[in-house]
Amino acid sequence: MITLPVGAWDTSTVPALPQWVAVPETRRARRDRAWTRFPWRAEMGWAASLTDLSDDRFRDLVAINDWLVRTDGTGVPIVPVRYRSVELFGDEKHMDAMERTRLFGAGRLSLELLRCRRIPAPLPAAIVGAGPDVLVVENSDTYWVAVEAMLAARGHPVGVVAWGSGRTFPSQVATLTIDVAGRGPITGAIWYWGDFDPAGVTTAMEAAEAGDARGLSIRPAIGLWSAMADRPVQNAGSIRWPPGLGQDWLGSLLWERLSHIREASGRIAEESVPRSAITDWAAGLTETDID
């Protein structure tokens, strides 16, 4: 409804029109804060103190509360996150988004409470020997060549060749602590080899950082990186190398050996290195390499 003026009318028109109208302030109906009165289980009591909660998130919390009531939250087998998400919400990816909200955190929701866990992406790998070491390579064709080369070689400490799936490897590093080619957690050295270009070196560095966070040392397969120095420079003049990229991880000697590639603004792909370099590297693994 509006309020019309008493005397402020424009009489030059027919009919006369008001010179102004008053519109009372629109009032929004107060939203029901049902979550503050809901009978939460003790583990969910914090939800009652939330200052705001969307209807969708309220339904999510009720679904979790109902699950806790049914299961008592104990004695329930721990499953991967997306299995629990389907059970709770009928959507395997629903919890992925929910975990990024303020509903997860200290004293609130947790994967432990919901009896589930995140399992890292699997690492494609093949057994190539009885040794404890793992060689991870960046590219898929190089993976197959390395598998063939290592199977044909003898007496080396590399038991598994793994494919790092390009730039994906940093997210797969945690898998090394769970299982590698069905042999359980890694017990030996982790050697990494990728393209010598900014993307390849960055992937190596990020993988090494991910490894450090889990107590794993991911080292450069020095002989394989070094073999790249003897190959023709690719894409000369078109690759922009950030200053110092990878120097600490590669080490000063290897960094210097590969300097002409960077200076030429070029790169070397793994595929340009012959298979014989892989078997030579494996045969030459010594305690010196590990140090």
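This is a predicted model: local features need pLDDT of at least 70, side-chain atom pairs count only at pLDDT 80 or more; totals for chains, interfaces and linings use all residues.
Partly exposed means a relative accessible area between the buried limit of under 20% and the exposed limit of over 50%. I need that for arginine 118: its relative accessible area is 42%, so I put it down as partly exposed.

**Entry 1: the arginine 118 salt bridge**

I looked up the partner of arginine 118. Its side chain meets that of aspartate 96 in a salt bridge, 2.8 Å from N to O. The two sit in distant parts of the chain, 22 residues apart: aspartate 96 belongs to helix α3 (residues 94–98), while arginine 118 is in the loop between β4 (116–117) and β5. Aspartate 96 has 12% relative accessibility, so it counts as buried. I then followed the shared partners and got one network of salt bridges made of Arg82, Asp96, Glu99 and Arg118. Searching the whole structure gave me 13 salt bridges.

**Entry 2: two pairs in helix α1**

Next I checked helix α1 (residues 55–71), where arginine 59 and aspartate 56 lie 3 residues apart, about one turn of the helix. Their side chains form a salt bridge at 2.2 Å, N to O. Aspartate 56 comes out as partly exposed because its relative accessibility is 49%.

A second pair is arginine 57 and aspartate 60, with the closest N and O atoms 2.8 Å apart in their salt bridge. They are also 3 residues apart in helix α1, so about one helical turn separates them. Is aspartate 60 buried or exposed? It is buried, at 8% relative accessible area, whereas arginine 57 is partly exposed at 22%.

**Entry 3: the sheet**

What is the order of the strands in the open sheet? I read it off as β5-β7-β6-β8-β9, 5 strands with mixed pairing. β5 (125–127) and β9 are at the edges with a single partner strand each, so one side of each has no neighbour in the sheet. On average, neighbouring strands are turned by 30° against each other, direction ignored. Helix α4 (residues 140–152) packs on this sheet and touches β5, β6 (133–137), β7 (158–163) and β8; its direction makes about 165° with that of β7.

Leucine 135 stands opposite valine 161 in β7, and valine 136 has tyrosine 192 in β8 as its bridge partner. Together, β6, α4 and β7 make a right-handed β-α-β unit.

Which residues of β6 are buried on each face? Asp133, Leu135 and Val137 are on one side, Val134 and Val136 on the other, and all are buried.

Tryptophan 191 has arginine 219 in β9 as its bridge partner.

**Entry 4: helix α6**

Last, I tested the length of helix α6 (residues 198–213). With 16 residues at 1.5 Å a residue it should span 22 Å, and its end C-alpha atoms are 23 Å apart, which agrees. Its buried residues include Pro198, Gly200, Val201 and Thr203. The buried residues pack against α5 (169–172), β8 (190–193), β9 (218–220), α7 (222–227) and α8 (247–250). Just after α6, glycine 215 has a positive phi of about 75°.

Methods: Residues are numbered from 1 along each chain as its sequence is written. Side-chain values use heavy atoms; hydrogens and water are left out. Helices (H or I, at least four residues) and strands (E, at least two) are DSSP runs, numbered from the N terminus. The expected span of a helix is 1.5 Å times one less than its number of residues. Buried means under 20% relative accessible area, exposed over 50%, partly exposed in between (1.4 Å probe, protein chains only). Contact means heavy atoms within 4.5 Å. Two strands pair if DSSP finds at least two bridges between them. Axes are lines fitted to C-alpha atoms, for helices over the stretch in contact, and angles run from 0 to 180 degrees between N-to-C directions. A crossover is right-handed if, with the strands pointing away from the viewer, the path from the first strand over the helix to the second runs clockwise. A salt bridge is a side-chain nitrogen of Lys or Arg within 4 Å of a carboxyl oxygen of Asp or Glu.
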